[in-house]
Amino acid sequence: MRLIVKSIAFIFLSLFLPLTVRADMPQVSFLGNFPLLQGAPARIAVDYSGRVYVTSPLSHEVLIYSNNGVLLRRLQGFQRPLGIAVDLMERLYVGDEALGSVSVYDRDGTLFYYLGSGEGEFSLPNDIAVGSQNRIYVTDSKVNEVRVYSYGGAFLFAFGSAILNFPTGITTEDSTGEVFVSDHNNKRVAVFTGDGQFLREIDAGGGWFGGGD
């Protein structure tokens, strides 16, 4: 009798508990893909009109799509584009790994200026974020720091060199001004103020080959 009761309970939990769990999970539907010609995608940015920008290091270009996947334009002239971001004015920031530069373009793809001194300003401009106070944040992975620039491209300051180990991705939070940095070799996300003061960390835990979050 006990075995029968346990069996019924197991069947009940197996059938209904997963439904309860799934009900709390976001439902995601696949909508389609963007054809990337002769290359491989590295980074993505989206502007406030819905256009999608994709860096393609292998084809040495930035591909610009409509929000439904129609290829609108191919920005060329790069050697190895990597990091990318778009600000509120729809200015496009592109980091070129090979040139060690971040170039800034207007909505029509016209080059405005470079951050800092241009070529050779960075060792490896891995990712870019536009934060509050019109500051531009760039992870420079090989020197283990985040470099910060004004809206006009002037260098302001750098932070993180004492605690970061190969920083990669970066993003900012508008309401608090906090800066989130993927601290790759330390297996964590490091959180800073907009002025570069360390606040806390999100520990990824585990090892490289399993067990991490």
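Which residues make a nonpolar surface patch of about 430 Å²? In this predicted model, the patch is made by Tyr48, Leu88 and Met89. Tyr48 is found in the loop between strands S1 and S2, with S2 spanning residues 52-56. The relative accessible area of Tyr48 is 60%. Tyr48 therefore counts as exposed, since the cut-off for that class is over 50%.

Tyr48 also belongs to the lining of the largest pocket. This pocket has a volume of about 430 Å³. Its lining comprises 20 residues. Nearest the pocket centre lie Tyr48, Val86, Asp87, Val130 and Asp174. By class, 13 of the lining residues are nonpolar, 5 are polar and 2 are charged.

The model holds 1 cavity of 30 Å³ or more. About 50 Å³ of space lies in the largest cavity. Its lining includes the charged residues Arg51, Arg73, Glu90, Asp106, Arg107 and Asp108. Tyr53, Ile64, Leu75 and Leu92 also line the cavity, as does Gly109. The class counts for this lining are 6 charged, 4 nonpolar and 1 polar. For the largest pocket, the corresponding counts are 2 charged, 13 nonpolar and 5 polar.

Definitions and conventions:
Residues are numbered from 1 along each chain as its sequence is written. This is a predicted model: local features need pLDDT of at least 70, side-chain atom pairs count only at pLDDT 80 or more; totals for chains, interfaces and linings use all residues. Side-chain values use heavy atoms; hydrogens and water are left out. On a 1 Å grid over the protein atoms alone, a cavity is a set of points where a 1.4 Å probe fits but cannot get out, and a pocket is an open set with protein on both sides within 12 Å along at least five of seven lines; lining residues have an atom within 4 Å of a point. Grid points are joined across faces, edges and corners, and a volume is the space filled by probe spheres set on the points. Patches are made of residues with over 30% relative accessible area and no salt bridge: like charges are joined within 9 Å, nonpolar side chains (Val, Leu, Ile, Met, Phe, Trp, Tyr) within 5 Å. Accessible areas come from the Shrake-Rupley method with a 1.4 Å probe; for residues, only the protein chains shown count as cover. A salt bridge is a side-chain nitrogen of Lys or Arg within 4 Å of a carboxyl oxygen of Asp or Glu. Helices (H or I, at least four residues) and strands (E, at least two) are DSSP runs, numbered from the N terminus. Buried means under 20% relative accessible area, exposed over 50%, partly exposed in between (1.4 Å probe, protein chains only).
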